[in-house]
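Dear colleague,

I am handing over to you the structure shown below.

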Amino acid sequence: MRSYLSDRMGAALLMAPLLLFLVLAYAWPFFGVVKWSFTLPTPGLGQYEALLTDDLVQSVFIRTLRIAAVVTVVSVAAAYAITVVWVRGTRAQRLIAEFCILVPFWISVLTRAFGWVALLSNRGLINSWLQAIGFISEPLALVRNEFGVIVGMTHFLIPFAVFPLASAMRSLDDRVLLAARGLGSSRMRTFWTVFVPMTRSGIIGAAMIVFVFSLGFFVTPAILGGGRSVMIAELIYLRIFQSPDWGLGAAISVVLVLFVGALMALLFRYVRPKQLI
Amino acid sequence: MQQPGRAAEIKAIGIGKSFGSFRALDNLSLDIGRGEFLTLLGPSGSGKTTFLMILAGFVQPSEGRLFSDGVDITDRPAEQRAAGMVFQGYALFPHMSVEANIAFPLKVRKKSAADIKRRVGEMIERVGLKGHEKKLPAQLSGGQQQRVALARALVFEPGVLLLDEPFSALDKGLRGQMQAEMKRLHQETGTTFVFVTHDQSEALALSSRVAIFNHGKLLQVGAPDEVYDRPDNRFVAEFLGEINMLPLKGVHPAGDGSTGLCEDRAVSMRCKAEAVRGDAILAIRPEYMSISGEAAAGENGIAATATNSTYLGAATRLDLTTRQGAKITVSVPNEVAAAALSKGNSVWLTWPAEKGFLLPHGGQ
């Protein structure tokens with residue numbers, strides 16, 4: 001009993017610095033943001049009422065949800081394919097997949113966004129190449145719109161979707177797959193009817209992580225959206241730093257945090273945190 | 001393995017398998033008869049499971065050919081062989097209900113919904129899972145999961161059912177129950193069963209024939225009483241149960257059988273001495289030896305001293321040492337054991353000539 005208690009004490013002590021940091025760096029400032037949302041410019045629920053009526057805020061909210069949904073579907077599907085190779089491929093395939101998963105972590109989000117601009121812009125690599133071979137006469141609008149934002153965000157988020165998927169695939173009993181094939185099921189059918197459903201918790205976990213991350217994206221949409229595909233984080237930034245509308249910015253932040261919190265609560269009803277690593 | 005509803009006849013010719021430098025299976029040839037219950041028996045790493053996986057099509061043999069009903073199926077992938085298979089740990093689909101698990105092989109074969117419903121219903125009844133149709137595997141006991149695995153493997157009427165140590169996770173009582181059930185299913189379906197185990201009593205109790213493996217080699221195949229009473233070599237003799245071994249000298253053929261000298265006393269055997277002339281080992285199962293005050297003239301017998309006894313309830317296990325130091329164990333009625341121990345120790349061990357068999361001296 002004593003050792004159990006001292007174990008718990010030890011664990012609490014080890015976690016304390018992180019908790020303290022989170023409280024000081026996030027919880028406390030956020031508390032201030034909550035206060036602003038009810039007090040600026042005048043005390044009351046005015047900012048929240050404005051949220052419900054402001055067309056711009058609502059359209060940005062809807063666009064954010066739409067982009068996040070598309071990015072989630074594309075990222076999880078792409079990550080699923082990479083993870084299958086990473087977990088179940090031959091030695092060489094695993095090595096290549098691992099390289100593709102880890103390298104993006106070493107390149108900053110800013111560098112990657114500008115990289116995509118270089119590729120996708122009107123005079124970028126893709127358009128000039130397509131024009132050079134005569135496939136198109138006018139450049140395609142690949143960037144400064146939602147398409148560009150989705151490409152950039154998907155590229156950034158795929159590696160994050162890989163880990164929960166890999167965890168689910170690694171814990172899968174190979175004999176179940178053998179059993180399916182032994183019972184007459186083709187490889188394709190076994191993949192869709194046995195392998196994919198058995199990695200469901202990984203898919204849910206990956207989708208949630210990507211979706212939640214997408215909601216708060218700032219740099220990528222700001223660069224690749226070119227001011228036309230504004231997402232919620234950029235809107236908050238604009239409200240706070242460019243128009244002195246701190247109250248509305250704060251109210252949007254509070255709604256966003258509550259929404260993400262609700263999503264996380266939902267996630268942990270289906271998936272244990274351990275399965276996400 | 002391709003015709004549903006009909007037991008398959010399998011022929012393996014010169015099957016070998018190497019994993020890198022490890023020789024898992026060496027030059028195995030074996031005929032498995034239609035509707036037979038064949039057990040592959042051996043310690044772990046003996047090659048029995050590798051052979052089962054080759055039969056299922058999950059492992060490709062390095063050499064040799066495999067025939068089913070006369071058709072070469074060596075290169076046919078597992079999903080086209082469709083042998084029913086029950087895995088160690090069952091390998092049920094965790095996300096499917098009992099019903100869906102059993103329906104899986106029928107759905108793969110694109111049977112009509114009505115046909116699937118009827119056959120799954122029959123199978124559920126047959127393995128006693130009525131009322132559990134909608135449950136997930138995780139909600140079932142070990143024995144029930146085992147029944148689902150059996151039902152799923154049998155529902156599409158495969159020509160052969162392959163079982164990889166299916167009872168290893170069950171406790172003893174349930175094991176006996178499932179063994180009886182499996183025997184019944186074998187009789188009812190008439191399908192060829194190939195069963196892998198390392199438990200010799202399970203092998204002897206269930207099978208029509210037993211194939212004994214060691215170090216990647218098939219050592220002997222035969223009916224349970226055949227391999228138990230007349231093993232070809234020392235490994236088989238020892239693996240199938242307790243065995244007493246006495247050194248023999250001057251073994252030579254005599255009449256229908258053979259004779260030799262056991263600790264300076266002539267003994268006779270029914271088996272032929274061709275393979276093992278001169279020095280040999282006489283092997284006798286403990287339950288065939290009895291204890292008496294004196295061996296009659298012409299009767300097989302040897303003098304020994306009782307050293308230890310273990311009370312087993314129905315009988316007593318008695319450890320004895322012969323004059324030349326051979327250790328013998330016998331299982332005798334309790335009062336015989338008590339008498340043997342109290343009698344100033346020296347007793348005679350006797351055995352019928354047909355129960356002793358000869359093994360080569362030394363080695364295997």
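In chain A, helices H5(A) and H7(A) are oblique to each other, a word used here because angles under 35 degrees count as roughly parallel, over 145 as roughly antiparallel, 65 to 115 as roughly perpendicular and the rest as oblique. The axes of H5 (residues 109–120) and H7 (residues 146–170) of chain A come within 10 Å and cross at roughly 135°. Axes are lines fitted to C-alpha atoms, for helices over the stretch in contact, with angles from 0 to 180 degrees between N-to-C directions. Helices (H or I, at least four residues) and strands (E, at least two) are DSSP runs, numbered from the N terminus.

Please note that this is a predicted model, in which local features need pLDDT of at least 70 and side-chain atom pairs count only at pLDDT 80 or more, while totals for chains, interfaces and linings use all residues. Residues are numbered from 1 along each chain as its sequence is written, and chains are lettered from A and ligands numbered from 1 in the order in which they are written.

On the H5(A) side, the contact is made by Val109(A), Arg112(A), Ala113(A), Trp116(A) and Leu120(A); H7(A) contributes Gly148(A), Val151(A), Gly152(A), His155(A) and Phe156(A). Contact requires C-beta atoms, placed from the backbone, to lie within 7 Å. By class, 6 nonpolar, 3 polar and 1 charged residues take part in the contact of H5(A) with H7(A) (Ala, Val, Leu, Ile, Met, Phe, Trp, Tyr, Cys and Pro count as nonpolar, Asp, Glu, Lys and Arg as charged, and the others, Gly among them, as polar).

Between the chains, 18 residues of chain B are in contact with 16 residues of chain A. Helices H2 (78–81) and H3 (98–108) of chain B are the elements that give two or more residues to the side of chain B that touches chain A. H3(B) gives the most, with 3 residues. That side of chain B has 13 nonpolar, 2 polar and 3 charged residues.

Gly89(B) lies in the loop between strand S6 (84–86) and H3 of chain B. Leaving aside residues up to four places away in sequence, Gly89(B) touches Arg175(A) and Ala169(B).

Turning to the strands of chain B, 5 of the 6 residues of S9 (residues 209–214) are buried. S9(B) runs parallel to S3 (residues 37–41) of chain B, joined by 4 bridges; pairing requires that DSSP finds at least two bridges between two strands. Leu41(B) has Ile212(B) in S9(B) as its bridge partner. S9(B) also pairs with S10 (residues 217–222) of chain B, in the antiparallel sense over 5 bridges, and Val210(B) stands opposite Gly222(B). The two form a hairpin with 2 residues between them, and His215(B) in the turn has a positive phi of about 45°.

Chain B also has an open sheet of 5 strands in the order S13-S12-S11-S14-S20, with antiparallel pairing. S13 (265–269) and S20 (357–360) stand at the edges, each with a single partner strand, so one side of each lacks a neighbour in the sheet.

Definitions and conventions: Buried ≥ 20, exposed ≤ 12 C-beta atoms within 10 Å, placed from the backbone. Contact = placed C-beta atoms within 7 Å.
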